[in-house]
Amino acid sequence: MKGEGFVAEVYCYIPAGKVEYVVECGVKLSEWHDKEVVINGFKKKCITALLNPKDDMDKYHNKDFVCVKLEVPNNYCFVADRYLYRAGINMPGIMPMYYASIVPINDYVFGMHRLPECLVTSTVIAGQVKVMNRIIDSPVLFNNSEELYLDNIIEMNKEERADFKDAILYYFYSKLAELKKIDKIEDKKEKTAIFIDRGVGRVILIKIPGLEREQEQE
């Protein structure tokens, strides 16, 4: 993220009938805030925006909404994980995790949160609100935040465990076997699992991961 004093470009979906109004008049915090969040010990009204317009695919494809780009000074932008907020509504014990996920946008690293939301804590004045042009607008560096988040976790585990690819495939296919979708045979001597998908005539050979062998030795 850019340093303090720079402007962040974030995205917000506005009902199509109000787009002309917000472009001319700005996005007023008092009118458009959708949550109140404690940040640095103070309760602040926030306009929830996105780092990537594709992080809300329902509205991205919905003609009733138009994506606008907001140019906001970095010191009025914070990033948190929306998934933790949603979970915290039904499970109050999770909400402290949401608050712990809030960081200044300067400190946010892409891929840190599964579904990042940008908490804008100020009014965005006219001139700093523009309708996003999907063809010629500023390029988005990744497809969507969830995909980047998962890719980062996979890469991290691949670096930490040499058998990670075998592990994720082993447990995935083992679950399918548990559900009777495929057949499973384990060769303990060769430390190999044989999965048989009779529906498509496919045999899949996976090394039994170290985690499974460690559990058997306990």
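## Overall organisation

Among contacts in the chain between residues at least 6 apart in sequence, 70% link residues that lie at least 24 apart. The model described here is predicted. Its chain contains eight helices and eleven strands. Of the 218 residues in the chain, 39% are buried. The accessible surface amounts to about 13300 Å², and carbon and sulfur atoms account for 54% of that surface.

## Confidence in the model

The chain has a mean pLDDT of 91, and 90% of its residues reach a value of 70 or more. Among the elements of the chain, strand β5 has the highest mean pLDDT, at 98, whereas helix α8, residues 210-217, has the lowest, at 59. Where pLDDT is low, the predicted coordinates should not be read in detail.

## The largest nonpolar core

In soluble globular proteins, nonpolar side chains tend to be buried together. In this chain, the largest nonpolar core has 24 residues. The residues with the most contacts inside this core are Val-10, Val-27, Leu-70, Ile-105, Cys-118 and Val-120. At least two core residues come from each of β1 (7-15), α1 (19-25), α2 (29-32), β3, β4 (65-73), β5 (77-81) and β7. Strand β1 gives the most, with four residues.

Leaving out residues up to four places away in sequence, Val-10 touches Ala-49, Leu-50, Leu-51, Val-68, Lys-69, Leu-70, Val-72, Ile-105, Cys-118 and Val-120.

Strand β5 is largely enclosed by the rest of the structure, because five of its five residues are buried. Cys-77, Val-79 and Asp-81 point one way from the strand, while Phe-78 and Ala-80 point the other way. Residues on both sides of β5 are buried.

Which strands pair with β5? One partner is β7, which runs antiparallel to β5 and is joined to it by five bridges. Within this pairing, Cys-77 has Val-120 of β7 as its bridge partner. Another partner is strand β6, residues 103-104, which pairs with β5 in the antiparallel sense over two bridges. Here Val-79 stands opposite Val-103 of β6.

Glu-117 lies in strand β7, residues 116-120. Is Glu-117 buried or exposed? Its relative accessibility is 1%, below the 20% cut-off, so Glu-117 counts as buried. The side chain of Glu-117 is joined to that of Arg-82 by a polar contact of 3.4 Å.

Apart from neighbours within four places in sequence, Glu-117 is in contact with Lys-35, Thr-48, Ala-49, Phe-78, Val-79, Ala-80, Arg-82 and Tyr-98. Among these contacts, Phe-78, Val-79 and Ala-80 are buried residues of β5.

## The hairpin of β9 and β10

Strands β9 and β10 pair in the antiparallel sense over five bridges. Together they form a hairpin with four residues between the two strands. Ile-185, which is placed in β9, has Ile-194 of β10 as its bridge partner. With a relative accessibility of 46%, Ile-185 counts as partly exposed.

Leaving aside neighbours within four places in sequence, Ile-185 is in contact with Thr-192, Ala-193, Ile-194 and Ile-196. Ile-185 and Ile-196 are eleven residues apart in sequence, and their C-alpha atoms are 8.2 Å apart in space.

## Two loop residues with positive phi

Where are Asn-40 and Lys-191 found? Asn-40 lies in the loop between β2 (35-39) and β3 (42-49). It has a positive phi of about 55 degrees although it is not a glycine. At 66% relative accessibility, Asn-40 counts as exposed.

Lys-191 lies in the loop between β9 (183-187) and β10 (192-197), in the turn of the hairpin described above. Its phi is near 55 degrees, a positive value in a residue other than glycine. At 43% relative accessibility, Lys-191 counts as partly exposed.

Key. Residues numbered from 1 in each chain as written. Predicted model: local features only at pLDDT ≥ 70, side-chain atom pairs only at ≥ 80, totals over all residues. Heavy atoms only, no water. Buried < 20%, exposed > 50% of the residue type's maximum accessible area, 1.4 Å probe, protein only. Contact = heavy atoms within 4.5 Å. Areas by Shrake-Rupley, 256 points an atom, 1.4 Å probe, with all protein chains shown as cover. Polar contact = N/O pair within 3.5 Å; in protein donor to acceptor, adjacent residues only side chain to side chain. Pairing = 2+ DSSP bridges. Core = buried A, V, L, I, M, F, W, Y, C linked by side-chain atoms within 4.5 Å. pLDDT = per-residue confidence, 0-100.
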